Amino acid sequence: MSKYDIIVLGSGPGGYVTAIRASQLGFKTAVIEKENLGGVCLNWGCIPTKALLKSAQVFEYLKHAEDYGLSVKEFDKDFDAVVKRSRGVADGMSNGVKFLMKKNKIDVIEGFGKLKPGKKVDVDGKEYSADHIIVATGARSRELPSLPQDSKKVIGYREAMTLKEQPKKMIVVGSGAIGVEFAYFYNSMGTDVTIVEFLPNVVPVEDEDVSKQLERSFKKSGIKIMTSSEVTKVDTSGTGVKATVKTKKGEEVLEADIILSAVGIKSNIENIGLEDVGIAVDRDKILVNDFYQTNIPGYYAIGDVTPGQALAHVASAEGILCVEKIAGQHVEALDYGNIPGCTYASPEIASVGLTEKQAREKGLDIKVGKFPFSASGKASASGAKDGFVKVIFDAKYGEWLGCHMIGAGVTDMIAEAVLGRKLETTGHEVLKAVHPHPTMSEAVMEAVADAYGEVIHL
């Protein structure tokens with residue numbers, strides 16, 4: 001039996017980052033992976049979808065070349081080539097993780113891992129043991145009883161990335177990050193897209209102003225949106241698919257070539273031995289303390305299988321914290337109230353902290369500032385005037401309670417708010433920090449100025 005200090009079950013952005021940090025700290029480390037190094041994020045999620053979205057963005061530029069004083073006589077898309085480019089990017093990133101495993105002297109054990117009592121893991125009949133075993137098995141596309149996936153006409157995100165042919169019509173069920181990103185991609189490529197969302201607003205976890213702006217931008221692009229609506233049944237017996245949608249006005253039947261189910265994720269906790277070891281689970285999540293220890297000593301869990309936000313950067317941060325705690329370092333528990341969320345459609349969305357509604361529901365006395373990109377010189381020059389930056393501050397102490405952005409490149413701007421909140425900066429400090437001109441990022445300063453009645457360019 002092979003013996004390690006730390007074994008990590010799963011090699012997504014939680015698992016492989018955890019393994020590397022463990023190795024850096026001097027632990028003899030192994031990673032168990034049943035499919036591809038990098039997990040869903042690098043192979044079927046974050047990275048390949050961004051490659052698809054970049055192709056869509058370039059195609060959009062070509063369609064609007066005249067807006068920039070350019071004349072492009074002939075251009076077209078090669079859907080198969082777009083998909084192949086995305087897969088190539090994913091393969092390159094996965095190979096990069098292989099290199100990192102070798103560089104950090106981490107053993108990669110291929111196969112399906114199952115936890116055993118006594119700090120052991122069985123991998124396809126062979127046992128391995130460790131002083132510490134960390135579960136990082138991630139999640140998959142969730143299926144609804146009324147929307148069973150057949151991988152042909154009713155698909156999840158994996159199939160949406162590798163379709164052989166571009167559909168003429170698509171129904172996207174669910175308007176979280178996955179749903180709106182694919183809706184944007186396929187619409188940009190020329191597919192007739194309809195979004196069906198159960199809740200009253202698209203991207204329902206976002207500030208309501210952001211949701212309304214995205215809906216306006218999407219409708220302007222030709223995407224149909226049905227909110228407060230539910231798919232109650234599907235019929236795949238014909239050449240395409242028919243979806244019965246329950247709305248406030250009654251039932252409606254939509255026809256399409258394909259339905260993309262983007263209604264959330266399901267944790268991968270089945271058949272990995274949790275019951276055999278006695279690890280506590282509640283509502284599809286492994287229960288852990290602030291440092292990711294389960295109720296059974298020597299067993300830990302991070303990432304999508306735990307109750308925190310199901311985001312790649314959260315899983316990575318949790319894994320690093322977990323192994324640093326094991327190493328005896330002084331670490332602080334992760335602040336889940338300061339986790340940025342990003343959606344990479346066009347316009348992009350980025351946010352951190354409380355929404356305006358949440359702040360008011362808490363009874364807080366707040367200052368709210370908002371600066372539209374239509375008043376930004378850089379946004380105007382770039383031809384990207386849709387969207388805004390919105391900031392929320394505590395009126396008494398100046399604490400930065402929340403920041404919400406929608407527009408071009410905002411996913412690269414949100415880190416300013418995350419860092420500012422981490423350092424407990426105040427609104428006046430942000431306002432007096434000189435921002436470069438002309439940039440999209442100076443909209444943050446202008447939004448803060450608006451909150452304090454000092455806005456210049458609005």
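1. **H3 against H4.** In this predicted model, Ile47, Pro48, Ala51, Leu52, Lys54 and Ser55 of H3 meet Val82, Val83, Arg85, Ser86, Arg87, Val89, Ala90 and Met93 of H4, where contact means heavy atoms within 4.5 Å. By type, the residues of this contact are nine nonpolar, two polar and three charged (Ala, Val, Leu, Ile, Met, Phe, Trp, Tyr, Cys and Pro count as nonpolar, Asp, Glu, Lys and Arg as charged, and the others, Gly among them, as polar). H3 covers residues 46–63 and H4 residues 79–103; they pack at about 145° with axes 8 Å apart. Axes here are lines fitted to C-alpha atoms, for helices over the stretch in contact, and angles run from 0 to 180 degrees between N-to-C directions. Helices (H or I, at least four residues) and strands (E, at least two) are DSSP runs, numbered from the N terminus.

2. **Ground rules.** Residues are numbered from 1 along each chain as its sequence is written, and side-chain values use heavy atoms, leaving out hydrogens and water. Since you'll ask about confidence: for this predicted model, local features need pLDDT of at least 70 and side-chain atom pairs count only at pLDDT 80 or more, while totals for chains, interfaces and linings use all residues.

3. **The annotated binding site.** An unreviewed UniProt entry puts a "binding site" at Gly174, Ser175, Gly176, Ala177, Ile178, Gly179, Val180, Glu181, Glu197 and Gly264. These span 91 residues in sequence, yet no two of their C-alpha atoms are more than 14.1 Å apart, so they gather at one spot. Keep in mind that UniProt positions are given in the numbering used here, feature names are shortened, and annotations may be inferred rather than shown by experiment.

4. **Two residues from that list.** Ser175 sits in the loop between strand E9 (169–173) and helix H6 (177–189), and it counts as buried at 1% relative accessibility (buried is under 20% relative accessible area, exposed over 50%, partly exposed in between, with a 1.4 Å probe and protein chains only). Its side chain makes a polar contact with the side chain of Glu197 at 2.7 Å. That term means a pair of N or O atoms within 3.5 Å; within protein, one must be able to donate a hydrogen and the other to accept it, and residues adjacent in sequence count only if both atoms are side-chain atoms. Glu181 lies in helix H6 and is buried too, at 8%. Beyond four places in sequence, Glu181 touches Thr49, Lys50, Leu53, Thr343, Tyr344 and Ala345.

5. The unreviewed UniProt entry gives His437 as "active site". His437 is in the loop between helix H13 (427–432) and helix H14 (442–451) and is exposed, at 62% relative accessible area. The side chains of His437 and Glu442 make a polar contact at 2.8 Å. Worth a look in the viewer: the peptide bond from His437 to Pro438 is cis, with omega near -5°.

6. Another cis peptide bond joins Ser346 and Pro347, with omega about 5°. Pro347 is in the loop between strand E20 (341–343) and strand E21 (348–353). Which side is Tyr292 on, buried or exposed? Tyr292 is buried, at 2% relative accessible area, and has a positive phi of about 70° although it is not a glycine. Asn271, also not a glycine, has a positive phi of about 60° and is exposed at 56%.
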